[in-house]
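Look at the sequence and the structure first, then read on.

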Amino acid sequence: MEPLPGAAARPAGSSARIADVAARAGVGVATVSRVINGYAGVRPSTRERVVEAIEALHYRPSLVARSLSLQRTMVVAALLPWFTNPSAVQRIRGIVDGLSASSYDLMLFDIESEDRQRRAFELFDRGDRADGLLVVSTLPPEAEVARLQAADIPCVLIDAVHSSFPSIAVDDVAGGEIATRHLVELGHRRVALIGDPPPEFRFDWSRDRTRGYERALSAAGIAVRAEYVREGTRLPHVARAIATELLSLSEPPTAVFAASDTQAIGVLEAARSLGIGVPGELSVVGFDDIEVAAYVGLTTVRQPLVESGRRGAKILLDVLAGREIAPLRELLPLELVVRSTTGPASA
């Protein structure tokens with residue numbers, strides 16, 4: 001296609017401007033903008049000329065200009081704690097996949113403390129940093145919930161539930177029951193739990209898994225022993241220290257349910273250092289099914305980490321596109337994955 005009269009030649013190697021596209025297609029700049037942004041009201045033949053001009057000039061719209069035109073940032077922000085934790089990494093992988101076919105860029109914000117959480121919501125509750133939020137494994141403070149709603153900023157929760165937002169989660173109580181029931185059915189009566197301390201991010205997954213543990217023991221007629229219920233962070237070395245104490249009791253547990261796979265790995269390290277055989281003398285169950293779990297043969301409760309991120313991203317895209325979302329709360333399935341770290345209780 002030959003340049004139309006009035007289309008100025010661009011120096012070799014320089015970037016084409018929207019005015020160059022308009023001149024080549026014989027239309028106004030506003031028409032080119034309408035085509036780029038997908039607006040209606042442009043004749044098919046005109047749209048075709050504009051598209052041909054864009055391709056011929058290798059024109060790339062300015063993201064800044066386009067966002068100003070659309071009154072959008074074209075950015076989705078994901079806010080999450082434990083940024084480098086294996087389960088968080090897998091959720092991020094799902095988010096990236098869910099956004100891959102869209103025009104949105106992803107911004108990650110690591111919430112490593114209550115202060116960082118407060119700062120994150122102060123940054124994003126105005127709507128000038130991101131068009132929508134994916135809040136992972138934490139809950140916005142109630143004051144921020146009100147501000148997000150007042151600003152009409154789309155927000156989807158992943159691995160957490162709040163009545164004001166669409167959410168993707170699992171039933172952590174049921175997960176704790178699944179793990180503990182498996183150990184009880186193998187004949188274990190002395191079953192310990194390693195969970196997390198009360199969360200600083202208003203996030204109750206560990207508490208709920210503990211409730212499931214207690215329910216499963218109660219259903220089997222087994223009393224919960226206070227000395228068997230311990231708390232520590234997700235770091236393996238912390239779980240290792242706790243497990244070492246548990247396994248050094250005068251009447252040690254024959255099984256341990258760890259509320260995350262990283263903690264379960266710490267338990268396996270403690271057993272190995274003490275010369276305790278797994279699963280001959282000690283059975284261990286984790287939670288999450290992170291990638292390394294299969295390599296160490298860990299029995300665990302699998303939750304769909306990647307899929308939760310993918311589904312959360314897809315739901316947020318639907319909200320941003322003005323589509324109605326139902327249901328507001330979606331529970332993903334859990335599955336017991338039996339590997340080599342659990343076996344019958346020794347006689």
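## Overall build

In this predicted model, 70% of the contacts between residues at least 6 apart in sequence join residues at least 24 apart. The protein contains 13 helices and twelve strands.

Of its 347 residues, 47% count as buried. The accessible surface of the protein is about 16,400 Å², and 53% of that surface belongs to carbon and sulfur atoms.

## Empty space inside

Rolling a probe the size of a water molecule over the atoms shows where empty space is left. How many cavities of 30 Å³ or more does the structure hold? The structure holds two of them.

## The largest cavity

The largest cavity has a volume of about 60 Å³. Its lining consists of Pro81, Trp82, Ser87, Ala88, Arg91, Ser137, Asp159, Arg209, Arg234, Asp288 and Gln303.

Sorted by class, this lining of the largest cavity has five charged, three polar and three nonpolar residues. Helix α5, residues 86-99, gives the most to the lining, with three residues.

## The second largest cavity

The second largest cavity has a volume of about 40 Å³. Its lining is made up of Arg91, Asp159, Ile168, Ala169, Val170, Gln303, Pro304, Leu305, Ser308 and Leu332. Two or more residues of this lining come from each of β5 (167-169) and α13 (305-320).

By class, the lining of the second largest cavity has six nonpolar, two polar and two charged residues.

Terms used:
Residues are numbered from 1 along each chain as its sequence is written. This is a predicted model: local features need pLDDT of at least 70, side-chain atom pairs count only at pLDDT 80 or more; totals for chains, interfaces and linings use all residues. Side-chain values use heavy atoms; hydrogens and water are left out. Helices (H or I, at least four residues) and strands (E, at least two) are DSSP runs, numbered from the N terminus. Buried means under 20% relative accessible area, exposed over 50%, partly exposed in between (1.4 Å probe, protein chains only). Contact means heavy atoms within 4.5 Å. Accessible areas come from the Shrake-Rupley method with a 1.4 Å probe; for residues, only the protein chains shown count as cover. On a 1 Å grid over the protein atoms alone, a cavity is a set of points where a 1.4 Å probe fits but cannot get out, and a pocket is an open set with protein on both sides within 12 Å along at least five of seven lines; lining residues have an atom within 4 Å of a point. Grid points are joined across faces, edges and corners, and a volume is the space filled by probe spheres set on the points. Ala, Val, Leu, Ile, Met, Phe, Trp, Tyr, Cys and Pro count as nonpolar, Asp, Glu, Lys and Arg as charged, and the others, Gly among them, as polar.
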